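Dear colleague,

I am handing over the structure below, and I would be grateful if you could look through it before reading my notes. The notes follow directly after it.

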Amino acid sequence: MKPVNDTFLRALKREQTDYTPLWLMRQAGRYLPEYNAVRTRKGSFMALAQDPEAACEVTLQPVERFGLDAAILFSDILTVPDAMGLGLSFVPGKGPVFEHPVQTEEAAAKLFVPDPEERLRYVTDAVRTIRRALDNRVPLIGFSGSPFTLACYMVEGGSSKDFATIKKMMYARPDLLHRILEVNARAVTEYLNAQVRAGAQALQIFDTWGGALADGCFEEFSLRYMKRILEGLIKENEGKRVPVILFTKGGGAWLEAIAESGCDCVGVDWTVNLAQARARTRDAVSLQGNLDPMVLFAGEEAIRREARRVLDSFGETGTGGHVFNLGHGISQHTDPEAVAILADEVHAYSRRYHQRKA
Ligand code: CP3
């Protein structure tokens, strides 16, 4: 019998597990030499992401190398605005750039919801290919950006330090931004449902920039649209619940509201204390996080100590659920050996917090 590891899905649903499952945001990427080899062979990031066989190959790399408890689809959050015709490219040294940023009434009016099985077929094909290759060894996570995080790139035209353009739009023309967010929410709902139909067994919504919003604005311009997505998602596939993780980086101030959004799990960054987060969300959701990715640069002793500190802060699992992760994506300069040490520590040390009650 081939081993089936469903520890990750069980922890998301706050069921008993033998240890704390672990995966890492951006686990497939440039810190892995085997990733760089495939990327060089394909010529560019987008060429790699658009080839289902190659995307499958790099998705499996970190899972196999480190024995992680989940695979995450290899793709990018910016595939959705690209499918809306905004013209995505990745410029070396600059990051993502859109040829047609959405900054005017006309541009916002032209936005449409792309049919995922047509314009994003390479993503659903990758999901199907990966599920076949995984053969149930570990679950596959599908993902998308949040409507607000996608809008940040769409309006700014690329990465930004201060979000000056989108914030100006938010305060001066909230109706325009709401129009963009409304289209994004529908596009993301259809995109995620297509990933579920293709075989994604859990979903994560990356709200990477929600934490840049002022109090009040977060609820109105980010959380509200994530709630709409949650209302429209397929709840069950293959006879199993499809749990949803909501990750707002810098969202610690709004944990109660995020936990009440209808998600199954709240992802938290390293500024949050997990014991306090459990108390504030009353164990009604599971929690994912939250090691500072920079710990991976500090050597074996520090990695083991800080991993234990995160596990200790969550404590006895009891009625809760904990998925170990970083508080944000892994740095491209990380030594893969540091990840191996982290996986070893989390898998071994966490067992004490999962003692079965007689
Ligand atoms: O987690 C995984 O392993 C799955 C793959 C994944 C990628 N991007 C691959 C990628 C996921 C989940 C993402 C999400 C993503 N993309 C986010 C949200 C998560 C977060 O980290 O906050 C954001 C904001 C993006 C946008 C994006 N894509 C940026 C800013 C960049 C870096 C551009 C650069 O040149 O540095 C990307 C490109 C990208 N996406 C890479 C990878 C592995 C690197 C591209 C390469 O190989 O050159």
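Helices (H or I, at least four residues) and strands (E, at least two) are DSSP runs, numbered from the N terminus. With that naming in place, Asn290 belongs to strand β10, which covers residues 286-291. Please keep in mind that this is a predicted model, in which local features need pLDDT of at least 70 and side-chain atom pairs count only at pLDDT 80 or more, while totals for chains, interfaces and linings use all residues. Residues are numbered from 1 along each chain as its sequence is written, and side-chain values use heavy atoms, with hydrogens and water left out.

I begin with the backbone. The bond between Gly289 and Asn290 is a cis peptide bond, with omega at about -5°. Arg14, in the loop between α1 (7-12) and α2 (33-42), has a positive phi near 60° although it is not a glycine. Asp283 is likewise a residue other than glycine with a positive phi, here near 55°, and its place is the loop between α14 (274-281) and β10. For accessibility, buried means under 20% relative accessible area, exposed over 50%, and partly exposed in between (1.4 Å probe, protein chains only). Arg14, at 34%, is therefore partly exposed, whereas Asp283, at 14%, is buried.

Next comes the packing of helix α11 (residues 174-198). Two packed helices are described by the angle between their axes and the distance between the axes. Axes are lines fitted to C-alpha atoms, for helices over the stretch in contact, and angles run from 0 to 180 degrees between N-to-C directions.

Helix α11 packs against helix α12 (residues 217-232) at an angle of about 30°, with the axes 9 Å apart. The two are therefore roughly parallel to each other (angles under 35 degrees count as roughly parallel, over 145 as roughly antiparallel, 65 to 115 as roughly perpendicular and the rest as oblique). Where contact means heavy atoms within 4.5 Å, the residues of α11 that meet α12 include Leu177, Leu181, Val188 and Leu192, and those on the α12 side include Phe221, Tyr225 and Ile229. By class, this contact of α11 with α12 has nine nonpolar, four polar and four charged residues (Ala, Val, Leu, Ile, Met, Phe, Trp, Tyr, Cys and Pro count as nonpolar, Asp, Glu, Lys and Arg as charged, and the others, Gly among them, as polar).

Helix α5 (residues 79-86) also packs with α11, at an angle of about 115° and with the axes 10 Å apart. Here Thr79, Val80 and Met84 of α5 meet Val183, Asn184, Ala187 and Tyr191 of α11, and the residues of this contact divide into five nonpolar, two polar and no charged. Asn184, which lies in α11, is buried, with a relative accessible area of 0%. Leaving aside residues up to four places away in sequence, Asn184 touches Met84, Pro147, Leu150, Ala151 and Met154.

Finally, the cysteines. How many disulfides does a search of the whole structure find? The search finds zero, a disulfide being a pair of cysteine sulfur atoms within 2.5 Å. For Cys265, the closest cysteine sulfur is that of Cys263, at 7.2 Å, which is too far for a bond. Cys265 is buried, at 0% relative accessibility, and Cys56 is buried as well, with a relative accessible area of 7%.
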